[in-house]
Amino acid sequence: MVRIRSCLCIAIVVLCLLVTRSESAAQAYRRDPGHQQWHHGAFQDVKDNIRSEVRQMLHSRAEVPFQVPLEVNIVLVGFSGDGGYRYALDSQKLEEFLKVSFPSHRPSCLETGQPLDIEHHIVYNTFPAGQPELIALEKALKAAMVPAGNARETDFGREVPLFEVEATAVEPEFQKLSSYLFDLESWVQSAEEMDRPWPTVIFIVNFDKVRLDPRNKDIDLDSLMYGRITQLNEEEMKKQEGDYIYRYRYNGGGASQVWLGSGRFVVVDLSAGPCTYGKIETEEGSISSRSLPRLRNVVLHRGSGVVTEHAAHDIFVGQLASLVATTIEHIIAPDVRFETVDMTTRLLIPIIVLQNHNRFNIMTRGYNYSLDVGAIEVEVKKMLHKGQEVVMIGGSHALHRHEKLAIAVSKAMRGHSLQETKKDGRFHVHTKTYLDGAILREEMERSADVLAAGILEASDPSLSSKFFLRQHWMDESDGTSDSILKHKPLWATYNQNRKKEKKRTVEKKKQGDLHRTYGTRVIPVFVLSLADVDEHLMMEDESLVWTSKDVVIVLQHQNDKIPLSYVSEIERRHAIPMLAQQHILAGLASVVGGLSAPYEKASHVHERPVVNWLWATGCHPFGPFSNTSQVSQLLKDVALRNTIYARVDSALHRIRETSEVPLVVIHHLFCSNLYLSVHLFSQAVQAFAAEHLKTPLGEPVKGKKNKTSTELWLEKFYKKTTNLPEPFPHDLVDRLEKYLDSLEEQLVELSSLLYDHRLQEAHSNSSDILQSSIFTQQYVEHILASEREKMKCCSIEYKLPVQSSQNLVYAGILVAGFFVYFVVIFFSSPVR
């Protein structure tokens with residue numbers, strides 16, 4: 001009996017161990033001792049190269065862009081012989097190929113069409129995901145598949161069942177994979193409050209469509225997480241497509257096999273699709289069945305032999321590299337929409353609804369068309385740096401009470417002719433009315449209405465009035481403490497060319513505390529809520545929003561869906577003019593964060609923006625294929641970097657525009673003018689050099705042919721002993737040398753902070769550079785003015801005549817002469 005009990009206890013223990021082992025085996029994202037770790041330390045490898053290029057840029061005026069390392073992590077899911085077609089891809093070879101084929105990327109500004117003086121040195125990390133993670137993703141994707149009718153495999157292929165997947169349903173599973181691979185679980189709670197490296201991930205997945213088939217209920221995916229996956233024979237290879245198609249839709253947007261997640265990752269599913277979408281009767285940017293590579297063409301290629309297989313594999317790797325490059329250019333490091341050098345600490349966004357009816361009010365809560373101002377404010381705050389405040393207000397106004405604005409809306413109405421083919425096969429010409437945003441903004445600015453012209457004037461301040469010192473004056477107080485329309489500019493306080501009377505007046509006043517601050521930036525959002533208009537009324541380019549660098553204009557009217565000239569598969573896309581939330585957020589993302597639409601890119605060859613609709617779907621509010629009022633965290637990071645890039649490019653780009661004076665000292669004067677109007681200052685320095693850098697006889701200095709006259713004068717004044725007057729004092733050159741050395745260290749540190757995603761510190765670093773450069777420029781201008789006075793060969797002085805005794809003698813002689821003359825005339829008269 002005792003033996004039976006002991007055997008029973010042993011059996012129970014063994015059974016419990018087996019159950020525990022099976023449960024743990026069925027769990028994905030398990031950290032084993034050999035788990036691959038993410039290493040983020042590539043900046044030390046390129047630090048010396050960045051330092052040498054910064055020094056070359058500052059000291060030789062070489063056209064070298066500012067280098068910023070950018071890390072891109074590529075995760076291959078299902079490419080270890082466990083995914084579709086059991087295809088295996090060497091991640092290290094793909095990483096090496098990417099480093100050679102696409103080592104750097106230089107974004108541009110869509111507003112100007114010019115490339116930024118900032119270049120990304122791309123650091124690639126490519127590694128595969130494990131088999132348990134692959135099975136976990138397939139399990140989540142299989143559960144999210146919903147039947148959606150039939151579709152064709154290719155352009156003219158057979159019809160097969162179609163399944164659609166809501167991307168937001170499987171997005172948490174990709175977020176789990178990202179947290180598991182990059183060890184984000186330990187600091188997820190406080191990570192949003194910290195500056196630390198955040199990984200940017202491109203998931204390239206290759207699922208087994210046979211295992212993924214939702215109609216196949218016999219496959220137990222849990223048993224395959226840590227089990228052995230069998231290889232496929234030739235017949236099974238031909239059936240890997242599964243005789244069905246599945247596509248993604250992010251929040252009900254356009255169908256696609258690639259999408260941008262709400263986190264810091266994008267997903268490229270090579271097993272999904274193929275999908276077709278784009279603009280009707282336009283080839284540019286359209287996505288077809290051949291836009292993305294498919295493993296079927298690689299594995300089941302025509303021909304035989306090792307050379308053919310090797311060539312097919314190389315073509316596939318090249319297509320993957322091109323896909324990664326496109327993702328970096330449009331999503332991870334896209335072009336800047338508006339290059340705005342702005343450092344205000346407060347952002348005022350008034351949402352002004354102008355309506356010509358009383359039927360409804362979009363500011364009223366509780367309806368599907370209502371504006372959620374709080375949600376918009378939350379999204380905008382995430383695109384601003386720490387310490388910046390957002391003030392968002394909203395209100396409705398009757399358009400008929402502002403007749404100038406009503407006239408402006410009427411003037412902005414335009415029309416153009418369209419030729420469309422109807423069912424009868426003939427062309428039908430009709431006129432389409434649209435609202436021109438540029439004309440509307442200009443008319444509103446010219447109007448005498450304070451609601452538009454006053455706010456637009458406040459929203460476009462000059463650069464000099466954005467950077468100022470706030471002073472609390474003891475003796476002058478007008479009762480207004482913080483006006484958004486009246487600034488006290490920096491130049492009014494620290495201007496070396498002010499009149500002496502003003503200087504004396506300022507000195508007599510008693511000053512209070514003096515501290516640095518910045519003003520308030522105003523970005524008005526005008527929502528035109530119109531009734532009794534054309535049912536298909538839109539703005540230009542078939543959009544409901546128009547933006548410039550200082551204003552957002554949104555059109556809203558109560559009509560049904562408007563058919564667009566964009567198509568997703570075989571269905572037209574429609575715009576809903578009643579919903580304005582998404583369009584307001586899209587406009588504010590462009591103005592506040594400088595975000596460009598993920599499908600636009602500046603082309604220097606075409607001299608215009610070109611479109612690529614590949615990344616038109618996902619978590620962003622741009623374009624006809626998107627259907628969400630949120631901005632991805634990846635794009636929010638881009639917006640935070642854009643504010644820093646705009647200031648850096650504003651400085652370096654103006655240095656490039658200066659005329660060529662290869663004088664080191666004069667170039668130091670250029671560099672001391674960083675982040676300001678360097679072009680105007682360079683003209684003053686050139687005029688000074690052309691006027692004074694001559695011999696006493698007015699002849700140019702002679703010397704080596706490969707050196708300019710200014711370089712020869714440098715050698716004559718600063719490398720040799722001379723008794724001639726020096727055009728620049730030595731202390732000025734020493735101070736500028738020290739300033740350039742400190743600036744070099746700050747730029748290298750800025751590059752390191754941007755690589756480590758420490759954006760708040762980078763923001764503070766660039767602010768310090770800007771503040772010091774302002775006073776350095778004023779100091780240099782003062783030195784140039786004083787040295788110009790010293791270098792003059794002669795001067796004209798105006799003085800009052802000095803009175804002396806000799807003048808009195810001459811006056812007496814003149815009076816005596818007049819007296820003698822009158823006496824002679826009097827006595828010589830004939831009557832006398």
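User: Which residue in strand 5 does Pro 147 stand opposite?
Analyst: Pro 147 faces Phe 163 there. Keep in mind that this is a predicted model.

User: Okay, and how do strand 4 and strand 5 run, parallel or antiparallel?
Analyst: Antiparallel, with six bridges joining strand 4 to strand 5, residues 159–166.

User: What sheet do they belong to, and what's the strand order?
Analyst: They sit in an open sheet of four strands, ordered 4-5-7-8, and the pairing is mixed. Strand 4 (145–152) and strand 8 (255–256) are the edge strands, each pairing on one side only.

User: Which strands does helix 4 lie across?
Analyst: Helix 4, residues 131–144, lies across strand 4, strand 5 and strand 7 (245–249). Its direction makes an angle of about 80° with strand 4.

User: And helix 5, what does that one lie across?
Analyst: Helix 5 lies across strand 5 and strand 7, at about 65° to strand 5.

User: How far apart are the end C-alpha atoms of helix 5, and what span should it have?
Analyst: They are 22 Å apart. With 16 residues (167–182) at 1.5 Å a residue, helix 5 should span 22 Å, so the two agree.

User: Which residues of helix 5 are buried?
Analyst: Among them are Ala 167, Val 170, Phe 174, Leu 177 and Leu 181. The buried set also includes Glu 171 and Glu 173, and it takes in Ser 178, Ser 179, Tyr 180 and Phe 182.

User: What happens just after helix 5?
Analyst: Asp 183 takes a positive phi there, about 55°.

User: How do strand 15 and strand 20 pair, parallel or antiparallel?
Analyst: Parallel, over two bridges, with strand 15 covering residues 427–435. Tyr 434 stands opposite Met 538 in strand 20.

User: Zooming out, how many helices and strands does the chain have?
Analyst: There are 23 helices and 26 strands. The chain has 832 residues, and 49% of them count as buried.

User: What share of the contacts comes from residues 24 or more positions apart?
Analyst: 74% of the contacts in the chain with a separation of 6 or more.

User: Last one: what's the accessible surface of the chain?
Analyst: About 42400 Å², and 52% of that belongs to carbon and sulfur atoms.

Methods. Residues numbered from 1 in each chain as written. Predicted model: local features only at pLDDT ≥ 70, side-chain atom pairs only at ≥ 80, totals over all residues. Heavy atoms only, no water. Pairing = 2+ DSSP bridges. Expected span 1.5 Å × (residues − 1). Buried < 20%, exposed > 50% of the residue type's maximum accessible area, 1.4 Å probe, protein only. Contact = heavy atoms within 4.5 Å. Axes fitted to C-alpha atoms, helices over the stretch in contact; angles between N-to-C directions. Areas by Shrake-Rupley, 256 points an atom, 1.4 Å probe, with all protein chains shown as cover.
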